[in-house]
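Subject: Structure handover

Hello,

Here is the structure I promised to pass on. My notes follow below it.

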Amino acid sequence: MKHRRGFNPLQRMSAHRKALKRNMVTSLFRQERIKTTKAKALEVRRTAEKMITRAKEDSVHNRRIVSSRLFDEGVVAKLFTDIAPRMKDRNGGYTRIIKLGERKGDAAEIVILELVDYKLDTEDKKKAKKGEEKKGVKGEAKSTKGKGK
């Protein structure tokens, strides 16, 4: 039973665990989407959601508390100016976990942890790739003709 267990120690020493959480939360806020194991994602989610709740009210006190847990000032600024205002209307549940399957080596369950309002830019990427392919084909054709002479 899991009575009175406040967190998952993740089989790490406390300093290693704190550094792991700090780095993963920083990556989540920087990229808004990370791929990790289910156990780590559940622990990181707890920390990230608490920070987003703090960031919804922009005050010096809240900035200092979040800054003490995240060491990247750029990410702290992004959290308070970009991420938290997008979550202003939500009462919680700022992240989602999407299951991907099991890792081949050790059968650990792999998931994607992302912010709820994360959107893939697939249409923009497709348009950019089509434009690059057209330019690339023309450029290659010209370069091969020039080399043959």
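R4 sits in the segment before α1. Its phi is near 60°, a positive value in a residue other than glycine. R4 counts as exposed because its relative accessibility is 85%. Here exposed means over 50% relative accessible area, buried under 20%, and partly exposed in between, with a 1.4 Å probe and protein chains only. E32 also has a positive phi, near 65°, and is likewise a residue other than glycine. E32 belongs to the loop between α1 and β1 (33–37), and with a relative accessible area of 10% it is buried.

Before the rest, a word on the source. This is a predicted model, in which local features need pLDDT of at least 70 and side-chain atom pairs count only at pLDDT 80 or more, while totals for chains, interfaces and linings use all residues. Residues are numbered from 1 along each chain as its sequence is written, and side-chain values use heavy atoms, with hydrogens and water left out.

**Overall layout**

The protein has five helices and three strands, in the order α-β-α-α-α-β-β-α along the sequence. Helices (H or I, at least four residues) and strands (E, at least two) are DSSP runs, numbered from the N terminus. Of the 149 residues, 30% are buried. Taking contacts (heavy atoms within 4.5 Å) between residues at least 6 apart in sequence, 57% join residues at least 24 apart.

**Core**

The largest nonpolar core contains 26 residues, and those with the most contacts inside it are F29, M51, I52, V66, L70 and L79. A nonpolar core is a set of buried Ala, Val, Leu, Ile, Met, Phe, Trp, Tyr and Cys residues joined through side-chain atoms within 4.5 Å. At least two residues of this core come from each of α1, α2, α4 and β3 (109–115).

I52 is part of helix α2 and counts as buried because its relative accessibility is 0%. Leaving aside neighbours within four places in sequence, I52 is in contact with F29, L79, I83, A84, M87, Y94 and L115. I52 and A84 are 32 residues apart along the chain, yet their C-alpha atoms are separated by 5.9 Å. M51 touches V25, F29, V66, R69, L70 and L79, not counting residues up to four places away in sequence.

In α3, the residues N62, I65, V66 and S67 are buried. The buried residues of α3 pack against α2 and α4 (73–86).

**Largest pocket**

The largest pocket has a volume of about 440 Å³. A pocket is an open set of points on a 1 Å grid over the protein atoms alone, where a 1.4 Å probe fits, with protein on both sides within 12 Å along at least five of seven lines; lining residues have an atom within 4 Å of a point. The volume is the space filled by probe spheres set on the points. The lining has 15 residues, of which K18, K21, T47, M51 and R69 are the closest to the pocket's centre. The elements that give two or more residues to the lining are α1 (14–31), α2 (38–55) and α3 (60–69), and α2 supplies the largest share, six residues. By type, the lining divides into five nonpolar, one polar and nine charged residues. Asp, Glu, Lys and Arg count as charged; Ala, Val, Leu, Ile, Met, Phe, Trp, Tyr, Cys and Pro as nonpolar; and the others, Gly among them, as polar.

Regards
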